[in-house]
Structures are given as structure tokens and as C-alpha cells.
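Here are some exercises to work through with the structure open beside you. Try each task before you read its solution.

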Amino acid sequence: MAVDEYGIKFDEYTLQRYEIVKKLCYQYVAKRKKIPLSVLDAGCRTGFFTRKLSKTPTLFKVMGIDVRKDYIDFARNQDNNATYMLADILNFDEASKSD
């Protein structure tokens, strides 16, 4: 199954959310002085949000997970900085390692 148009359209809306979360992440890093900050993007879809954060690997160690293989495959092809896994958050042991 290929990534659908809805998945790509969803990414456009994610940009607005990204700006808010990025600001919060930077504030968190400044407060905790822990670098890199481990971020888990559960339900990452095509990895748009994950990709944006992973562009600063010195600040953020990012992992994206989703239950759809086509989304994870697409995300992996777009980004070498983040880790992408086919997984369900309800059965995902790594979640506890995120900040």
C-alpha cells in the first residue's frame, strides 16, 4: 500500500503543531540542560514532524513509530537522522526511555 494523499495532506497541518512543540522542546532542553533530548513521536505517520526535529541531532534524538508499514517505509526513505519503527504505542517498550 502506498502512502495516501491524506497522509501527505496531514503533514501540511503538522507544520503548525511542529512550531509549537519545537518551542516547548527547546525550553525543556534549556531548563534540564540535558542534550540530546529523547523524543518519541507516536503515530508519526509519514515522519514529517519527526524529520523536522531530527534536523538538529545534537539537540534531539528522535524516534518515530507508526502501525502502518507504508508510512514507516516512506519516513525512512526521507530521513537518516531519526529512527523509525513499525510499532504500536500500546505494546512499545521503548516509550519509557523518552524524555
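## Getting your bearings

The protein chain exposes about 6400 Å², and carbon and sulfur atoms supply 54% of that area; accessible areas come from the Shrake-Rupley method with a 1.4 Å probe, and for residues only the protein chains shown count as cover. This is a predicted model, in which local features need pLDDT of at least 70 and side-chain atom pairs count only at pLDDT 80 or more, while totals for chains, interfaces and linings use all residues. Residues are numbered from 1 along each chain as its sequence is written, and side-chain values use heavy atoms, leaving out hydrogens and water.

## Exercise 1: the layout

Work out how many helices and strands the protein chain has, and in what order they run.

Step 1. Helices (H or I, at least four residues) and strands (E, at least two) are DSSP runs, numbered from the N terminus.

Step 2. Go through the protein chain and you find three helices and three strands.

Step 3. Starting at the N terminus, the elements run α-β-α-β-α-β.

Step 4. Now for burial: buried means under 20% relative accessible area, exposed over 50%, and partly exposed in between (1.4 Å probe, protein chains only). Of the 99 residues in the protein chain, 36% count as buried.

Step 5. A contact means heavy atoms within 4.5 Å. Among contacts between residues at least 6 apart in sequence, 56% join residues at least 24 apart.

## Exercise 2: the salt bridges

Find the salt bridges, and say how exposed the partners are.

Step 1. Take Lys-22 and Glu-19, whose side chains meet with 3.7 Å from N to O. Both sit in helix H1 (residues 5–32), three residues apart, which is about one turn of the helix. Lys-22 is partly exposed at 25%, and Glu-19 is partly exposed at 40%.

Step 2. Next comes Asp-70 with Arg-68, where the closest N and O atoms are 2.7 Å apart. Asp-70 is buried, with a relative accessible area of 10%, whereas Arg-68 counts as partly exposed at 24%.

Step 3. Finally, look at Asp-73 and Lys-69, which meet at 2.7 Å from N to O. They are four residues apart in helix H3 (residues 69–78), so about one helical turn separates them. Asp-73 is partly exposed at 27%, and Lys-69 is exposed at 51%.

## Exercise 3: the core and the ring pair

Find out which residues have the most contacts inside the largest nonpolar core, then look for the aromatic pair.

Step 1. A nonpolar core is a set of buried Ala, Val, Leu, Ile, Met, Phe, Trp, Tyr and Cys residues joined through side-chain atoms within 4.5 Å. The largest one has 15 residues, and those with the most contacts inside it are Val-29, Leu-37, Val-39, Leu-53, Phe-60, Val-62 and Tyr-84.

Step 2. H1, S1, H2, strand S2 (60–66) and H3 each supply at least two residues of this core. H1 gives the most, with three residues.

Step 3. Zoom in on Val-62: leaving aside neighbours within four places in sequence, its contacts include Val-39, Leu-53 and Ala-82.

Step 4. For the rings, Phe, Tyr and Trp (its six-membered ring) pair if their centres lie within 6.5 Å; planes under 30 degrees apart count as stacked, over 60 as edge-to-face and the rest as tilted. The structure holds one aromatic pair. The rings of Tyr-26 and Phe-60 have centres 5.5 Å apart and planes at 85 degrees, so the pair is edge-to-face.

Step 5. Tyr-26 is in helix H1 and Phe-60 in strand S2, so the pair ties together parts that are 34 residues apart in sequence. Tyr-26 is partly exposed at 34%, while Phe-60 is buried at 2%.

## Exercise 4: one cysteine

Is Cys-44 buried or exposed, and where is its place?

Step 1. Cys-44 is in the loop between strand S1 (37–42) and helix H2 (48–54).

Step 2. Cys-44 is buried, with a relative accessible area of 5%.

Step 3. Leaving aside neighbours within four places in sequence, Cys-44 is in contact with Thr-50, Gly-64, Ile-65, Asp-66, Ile-72 and Tyr-84.

Terms used: A salt bridge is a side-chain nitrogen of Lys or Arg within 4 Å of a carboxyl oxygen of Asp or Glu.
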